[in-house]
Amino acid sequence: MSLYMTSTVAIDDTTITKNSLNQLQVNTSYFPYKIAEIDISTNTTQVDITGLDGNSDEVYLLILRIYNPTGSQTVNSIRFNDVAINKYYRIFIDSNGSSVSTGETSVSNQIEILKADANSVGTAVCYVFAKSGSQRHVLAHSYTSSIHRHLFGRWVDTTSNLTKINIVCNTSNGIGTGSKIWVYKLVG
Amino acid sequence: MPEKVLVYNVKTKEKRIEERDIQLPKSVAEETIVDFRLLRKLIQHAKSQGWI
């Protein structure tokens, strides 16, 4: 089927327009709206999700399934716009089923959202409040077999438009083949 | 040492692998961990000593 569009098409709360790349763009109030489904097909250290517009999209939801191919537990963190200096804060509660621990870092180079045990999978749900005008907040819940983490973090930048999310592992090639990341926008 | 970075653009759907230098996060061992059981014992001790 071919579709030739010269103007916006509206269906209930959804509009379809042609964007600057000559692609059809669906704008809908039926959220969350999936904007990326990223399959990792080779072991990597970092995944960059680019082309974002935090001021427009306001809130992102990331669902992560990270396979750790290494022989040691890894920690996967989130950063924004390639900023890797002391611009982050985070506090977390970890549980292993028998004891609970907590940690806080007021000045950090990243926000540690997800651990993955050796040769195992770690899963996480992560909300990013991306609109500028205030510090950007992160809420994450994650699990790997040895630990369950609840985390709050923030990026102290209040002015930059959030255009890129970096998911970075603390170990080289620690984001293994078979990992997957889904990205949704919740407002737009 | 350059690291493998998978770059995915949500607008163009382009996916590519880059190799570049990135700053790896600190190891877990550098995090501050507080054991609640130890904290509770410290508080109990401080109370018993009349410090708090």
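Both faces of strand β14(A) are covered, with A:Ile165, A:Ile167 and A:Cys169 buried on one side and A:Asn166 and A:Val168 buried on the other. In this predicted model, five of the five residues of β14(A) are buried, so the strand is largely enclosed by the rest of the structure.

On one flank, β14(A), residues 165-169, pairs with strand β5 of chain A, residues 46-50, in the antiparallel sense over four bridges. Within that pairing, A:Val47 stands opposite A:Ile167. Strand β7 of chain A, residues 74-80, also pairs with β14(A) in the antiparallel sense, here over five bridges. In this second pairing A:Asn76 stands opposite A:Cys169. A:Ile167 and A:Cys169 are both among the buried residues on one side of β14(A).

These pairings belong to a wider arrangement that takes in both chains. Six strands form an open sheet in the order β10(A)-β7(A)-β14(A)-β5(A)-β1(B)-β2(B), and the pairing is mixed. From one strand to the next, the twist averages 20 degrees. The step from chain A to chain B is made by β5(A) and strand β1 of chain B, residues 3-9, which pair in the parallel sense over five bridges. Here A:Thr50 stands opposite B:Asn9 of β1(B).

The contact between the chains takes 33 residues from chain A and 24 residues from chain B. On the side of chain A that touches chain B, the elements giving two or more residues are β4 (33-39), β5, β7 and β9 (100-108). Of these, β9(A) provides the largest share, with six residues. By class, this side of chain A has 13 nonpolar, 17 polar and three charged residues.

A look at chain A as a whole puts these details in context. Its secondary structure comes to one helix and 15 strands. The C-alpha trace of chain A spans about 60 × 35 × 30 Å along its principal axes. The domain assignment gives domain 1 as residues 1-29 and domain 2 as residues 31-185, and the C-alpha centres of the two domains lie 32 Å apart. By these bounds, the residues of β14(A), 165-169, fall in domain 2. Of the 188 residues of chain A, 35% count as buried. Among contacts in chain A between residues at least 6 apart in sequence, 73% join residues at least 24 apart.

A:Val138 counts as buried because 23 C-beta neighbours lie inside 10 Å, the cut-off being 20 or more. Leaving aside neighbours within four places in sequence, A:Val138 is in contact with A:Ile78, A:Ile111, A:Cys126, A:Tyr127, A:Val128, A:Gly153 and A:Arg154. A:Ile113 is 25 residues from A:Val138 along the chain, and the C-alpha atoms of the two are separated by 9.0 Å.

Conventions: Residues numbered from 1 in each chain as written. Chains lettered and ligands numbered in written order. Predicted model: local features only at pLDDT ≥ 70, side-chain atom pairs only at ≥ 80, totals over all residues. Domains from an automatic or database assignment. Pairing = 2+ DSSP bridges. Axes fitted to C-alpha atoms, helices over the stretch in contact; angles between N-to-C directions. Buried ≥ 20, exposed ≤ 12 C-beta atoms within 10 Å, placed from the backbone. Contact = placed C-beta atoms within 7 Å. Nonpolar A, V, L, I, M, F, W, Y, C, P; charged D, E, K, R; others polar.
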